[in-house]
Amino acid sequence: MLRPVQAARSLSTRNLTGITLYSPNELIISARAGTPLADIEATLAEHGQHIIAEPADLAAITGAREQQTLGGVIATNLSGPRRVAWGAMRDHVLGIRAVTGHGETIRSGGRVLKNVTGLDLCKLLTGSHGTLAVITEATLKVLPAPEAVGTVVFPGLDATAGAAALSAALGSPYSVSAAAWLPADAAARIPALAGFGQPVALARIEEFAASVVYRTDKLRADLRHDSTEILDDASSRIVWRAMRDLTPLTAEPADAVWRVSVRPSAGPVVLRTLADAFGGRGYLDWGGGLVWIAGPATTAAHEAVEAAAKAARGTWMLLRAPESLRAAVNVIPPEPEPLARITRRVKAALDPNGILNPGRMYAGL
Amino acid sequence: MGKRRCAIRWFDGRTGAAGSARLLALPEMGDHFPHMIRQPEPKADVLARRDAIVDGLRALLSAEAVIAEPLLLKPYETDGLSAYRQPPLAVVLPDTTEQVAGVMRFCHQQGVRVVPRGAGTSLSGGALPMADAVVIGLMRMNRILDIDYADRCATVQAGVTNIGITNAVQGRGFFYAPDPSSQLACMIGGNVNMNSGGAHCLKYGVTANNLLGLKIVTVDGEILSIGGEHLDAAGYDWLGLLTGSEGQLAVVTEVTVRILRSPEGARAMLAAFRSNEVAGACVDSIISSGIIPVALEFMDRPAIHACEQFAHAGYPLDAEAMLIIEVEGSPAEQDDLLWRIREICQLHDPISLKVSQSAEESLAIWKGRKGAFGAVGRISPDYLCMDGVIPTSRLPDVLRRIGEMSDDYALKVANIFHAGDGNLHPLIMFDANDPESFHKAEQFGADILKLCVEVGGCLTGEHGVGVEKRELMPVQFTTQELDQQRRIKSAFDPGWLLNANKVFPLAETIERSAPAS
C-alpha cells in the first residue's frame with residue numbers, strides 16, 4: 001500500500017502473535033500485533049462479539065497472500081461499511097504498545113474505554129502506516145455482534161437519488177449501520193443483488209431480531225420508494241460481507257484502485273466525474289461518503305482523481321497501483337506547508353533517523 | 001450572614017492530590033489560600049515589556065477586546081478548579097480566526113506564553129493562567145456557521161456551547177451526542193481540547209468519535225483546516241491527536257461535528273442490590289447478553305442515601321448498590337429491552353426493581369442521580385470530586401479498598417460510577433474548616449487515583465490532566481513515554497508557549513522546554 005519503500009531490512013510481526021487479554025464483559029480485547037485478524041474475529045465470535053469497524057479483507061484487491069494482522073489493520077486504519085455509523089479502527093483502539101524509531105517501547109492509552117490522560121498517541125499511530133512506530137500490541141474496544149441483520153434495498157435509483165435515499169436512511173431514528181449505492185454492473189458481482197438488474201441503494205439494520213423486522217419495515221415505509229425489498233438475515237450477511245471485501249469493485253489486474261472520502265452528498269458527483277474522465281468504475285459506501293474507483297493506472301487518471309476529490313473538499317488515497325505509478329505520484333494528498341512542517345517534526349520526534357518505512361506516505365519523509 | 005461561600009479547588013504540590021470543594025470562607029480570608037500550585041517562573045523580560053505587549057495586542061484587535069486592568073482580569077484568573085487563581089498578563093477576546101492568528105503571530109514573535117480559554121468550566125484547571133501569559137478567550141466566537149442535515153454535520157465556532165449545538169438541531173430531531181454535565185456552559189472548543197465525554201458516551205462515543213474537522217491556529221499564527229465534512233484522514237490523524245491535547249498543540253477556532261438523529265425514545269429503570277459485587281455481576285450479565293444500554297449508572301450506598309435525602313426520588317435506602325439503566329428505541333423496543341434487563345436483574349436477587357412506564361417516571365428515576373453532586377454538597381459542604389477510570393471488573397475490589405481508605409482517613413466517601421465505561425467519581429467529604437481534614441482528603445484523592453492506575457485504569461476519563469493531575473503523570477507513564485509526548489508537543493510548539501503549565505510534571509517542563517527564540 002502507498003509508496004514503495006527502499007529499506008535495507010524488513011521487520012515482520014509474524015511471530016508477535018497471541019491474544020493477551022480478552023474480557024467480553026468489559027468490551028475489550030488485547031492482542032499482539034502479528035495476530036491474524038481472523039483469529040481475533042473467531043475468538044470474538046465465540047462470545048457473540050465483533051470488531052466494530054468491520055475491516056475489509058483486501059486480499060482480492062491487493063493480491064496479498066499473507067493473512068491480515070491486527071497491527072496491519074490498525075496501521076492502515078482499515079475500516080468497512082459499519083464505519084459510517086459506529087466508527088473506524090481509530091475510534092476503537094483503546095491502547096497501543098509500540099517501539100518508536102528511537103528503539104524505545106512506549107504505551108499510550110490502556111485497557112479502559114475512557115482515557116484522556118496525556119496525548120492520544122493511539123490516534124496518531126492508527127493509520128500511520130508504520131512510519132512513526134512499530135505497533136507490537138493493541139487493545140480494541142469491541143461490541144456485541146447483532147443477533148440479526150436486515151437490509152432494505154432501493155432498486156433503480158441513480159447515484160444522486162441513491163445517495164439521497166441513503167442520507168434519509170442514515171438520518172432516520174433506526175440506527176442504520178451501513179449504507180451503500182452500487183451501479184448495476186457493481187451490483188451484478190454480488191449474486192443476491194444481481195437479480196435486480198439495476199443500480200441498488202442498500203441500508204443495513206443490525207439489531208435483535210424483532211427490532212430488525214420492525215426497523216426495516218419502518219425504514220421502507222418512511223422512505224416511500226417504489227419496489228423496495230428487504231433482504232433476510234442470511235442474504236444480508238452475505239451481501240455485506242461482499243461489500244466489506246470490495247467484491248463490487250470491477251478492477252482489472254493492471255488497474256489502479258483509489259478510495260476517495262468526501263461529504264456524502266458529493267460522492268455521486270465524484271463518481272460521475274471520474275466515469276467521464278477515464279471510464280472509472282466504482283461505487284459508493286458510507287452513504288456516499290466513500291467512493292471506490294478503479295481505472296487505468298496512469299498519471300492522467302490519478303490527476304483526475306486528485307482534482308475530483310479536491311473539488312469536493314475531501315481526501316483520497318491511491319490504494320493499489322503498479323509500483324511505477326506509486327513511486328511517481330502522491331499517494332495521499334500533499335499537505336499545506338505549515339502542516340507539512342508539523343508532519344516532518346512529528347516524524348522526527350518519533351523516528352529521528354527516518355528508519356521506519358521511509359517514503360511510505362510522503363516522498364522524502 | 002457574614003459568611004461568604006465560594007467554590008475552591010485545593011492542590012497539594014507534595015502529594016499531587018487535588019479535587020474540588022466548596023469552602024465556607026470567613027470574610028477575613030479574602031482571597032488568600034494557603035496552598036498554591038507551582039507555576040513556571042514568569043519570564044522577566046515579558047513582564048518588563050507588559051505595556052508594550054498590551055499596546056501591541058490592542059493594535060491587532062479593538063481596544064475593548066484587550067483586557068489589562070487588574071480588576072477586569074479577575075474573572076479570568078481561575079476556572080472550575082477555583083482554588084488556584086493567577087491573573088494573566090492580559091486577556092484578548094477575538095472575534096475571528098484571523099484575529100486569533102494575528103495574536104498568535106504577535107505572541108510568538110514576542111515570546112509571550114498563551115493560555116486558550118473557553119467557558120472556564122474545567123475541573124482540572126485547564127484554563128489556569130500564568131502571570132506572564134495572555135489568555136485567549138474564545139467565548140465571543142459563538143456563531144453556528146453551517147448545519148447540514150443531509151450530510152449530518154454542523155460547523156460552529158469554538159465558543160458555541162455544547163448544548164447550543166444540540167439546541168440548534170433538535171428541531172429536526174437531531175442532537176450532538178457528547179453531553180458532559182456542564183453542557184449548558186461548556187464550549188465546544190474546550191470539549192475538543194479535553195476530549196469531553198458525558199452520560200451517552202458508552203453508546204455514542206466521546207468528542208473524538210464525533211468530530212469531522214477543525215480550524216486551528218498554530219503557535220506561530222498559521223491557520224490550518226484539519227479534516228472537513230468527510231470521514232477519515234489520509235495522512236496522520238491530526239484530528240485525533242489534537243482532540244484531548246488540552247490546548248497545548250494549537251488554538252481551536254472552529255469545529256465541524258457529526259450530528260445524529262435522535263432515537264424514537266428512551267426509558268429508564270432502577271435496580272437495587274444487596275452488594276457491590278452483585279451489582280457488578282449484574283452489569284456483566286447485561287453486557288454479555290448483547291445489550292448496550294445508552295446509560296448504565298452505578299451508585300453506592302452513601303450516594304443513594306445522599307441523593308434520596310436531597311431529591312426524594314424514592315430510592316431504596318436498604319440497598320448497598322443501585323443501577324440506573326436507560327434504553328432507547330420505539331416504545332415496543334424499549335419494552336422489550338427493559339423486559340430483558342429486568343429478567344437479567346432478577347437472576348441477581350435484587351432488593352427491588354422499578355421499570356418506568358413513561359417519560360415522567362424516567363425523569364423521576366433520574367432525578368436523584370442528576371442531583372448527586374448537589375446532594376453530597378448538602379451533607380458535607382466540602383467535598384472533592386475525583387475522576388479516575390478502572391476496568392469495570394475491578395469495581396467491587398476498588399470500592400472495597402476505597403472503603404478501607406475511608407476508614408483509615410476517617411473521611412466519608414460516596415461513589416458514582418459510569419458502569420458501562422469504567423469512569424469512577426468518588427466524592428470525598430471533608431471539613432474545610434479543619435486543615436487536617438483537608439490534607440487527609442487530598443491524600444485520599446491521590447491514593448484513589450494511584451489505585452485506579454494500579455488496577456489497570458488511568459488517571460482521568462473526562463476532566464483531563466490540566467494542572468490538577470500534572471504531578472501524578474509519572475504514576476501512569478514512564479519517563480520515556482512522557483519524553484515522547486513532550487517531543488510531540490515540541491513539534492507543534494518548540495518554544496512551549498501554549499499552555500505550558502499543564503499536563504506534564506512541572507520540574508521537567510521547566511528543565512526541558514526550549515528557551516523562547
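Trainee: What share of the residues of chain A count as buried?
Mentor: Of its 365 residues, 56%. Buried takes 20 or more other C-beta atoms within 10 Å of the residue's own; exposed takes 12 or fewer, and partly exposed lies in between, with C-beta atoms placed from the backbone. This is a predicted model: local features need pLDDT of at least 70, side-chain atom pairs count only at pLDDT 80 or more, and totals for chains, interfaces and linings use all residues. Residues are numbered from 1 along each chain as its sequence is written, while chains are lettered from A and ligands numbered from 1 in the order in which they are written.

Trainee: How many helices and strands does chain A have?
Mentor: 14 helices and 15 strands. These are DSSP runs numbered from the N terminus: H or I for helices, at least four residues, and E for strands, at least two. The radius of gyration is 21 Å, close to the 21 Å of the globule rule for 365 residues, so chain A is as compact as a globular protein of that length. That radius is taken over C-alpha atoms, and the rule is 2.2 Å times the number of residues to the power 0.38.

Trainee: Which domains is chain A divided into?
Mentor: Domain 1 covers 19–144, domain 2 covers 148–244 and domain 3 covers 256–328. The bounds come from an automatic or database domain assignment.

Trainee: How many residues of domain 2 of chain A are in contact with domain 3 of chain A?
Mentor: 13, against twelve residues of domain 3 of chain A. Contact means C-beta atoms, placed from the backbone, within 7 Å. On the domain 2 side, helix 6 (159–170) and strand 9 (178–182) of chain A each give two or more residues. Helix 6 of chain A has the largest share, six residues. By class, that side has eleven nonpolar, two polar and no charged residues. Nonpolar is Ala, Val, Leu, Ile, Met, Phe, Trp, Tyr, Cys and Pro; charged is Asp, Glu, Lys and Arg; the others, Gly among them, are polar.

Trainee: What does A:Ala179 touch?
Mentor: Its partners include A:Leu166, A:Ala169 and A:Leu170, plus A:Trp286 and A:Gly287, with residues up to four places away in sequence not counted. A:Ala179 is also one of the residues that touch the most other members of the largest nonpolar core, which has 275 residues. Such a core is a set of buried Ala, Val, Leu, Ile, Met, Phe, Trp, Tyr and Cys residues joined through C-beta atoms within 7 Å.

Trainee: Now the chain contact. How many residues come from chain A and from chain B?
Mentor: Chain A gives 68 and chain B gives 72. On the chain A side, helix 14 gives the most, seven residues. That side has 30 nonpolar, 23 polar and 15 charged residues.

Trainee: Switching to helix 1 of chain A. Which residues are buried?
Mentor: A:Leu37, A:Ile40 and A:Leu44, in a helix running 37–46. They line one face, because they fall within an arc of 65 degrees seen down the axis. The arc is that of the directions from the helix axis to the C-beta atoms.

Trainee: What is exposed on the other side of helix 1 of chain A?
Mentor: A:Ala38, A:Ala42, A:Ala45 and A:Glu46.

Trainee: And what covers the buried residues of helix 1 of chain A?
Mentor: The cover includes strand 1 (19–23), strand 2 (28–32), strand 3 (49–50) and helix 3 (70–75) of chain A. After helix 1 of chain A comes A:Gly48, with a positive phi near 65 degrees.

How values were computed. Two residues are in contact if their C-beta atoms, placed from the backbone, lie within 7 Å.
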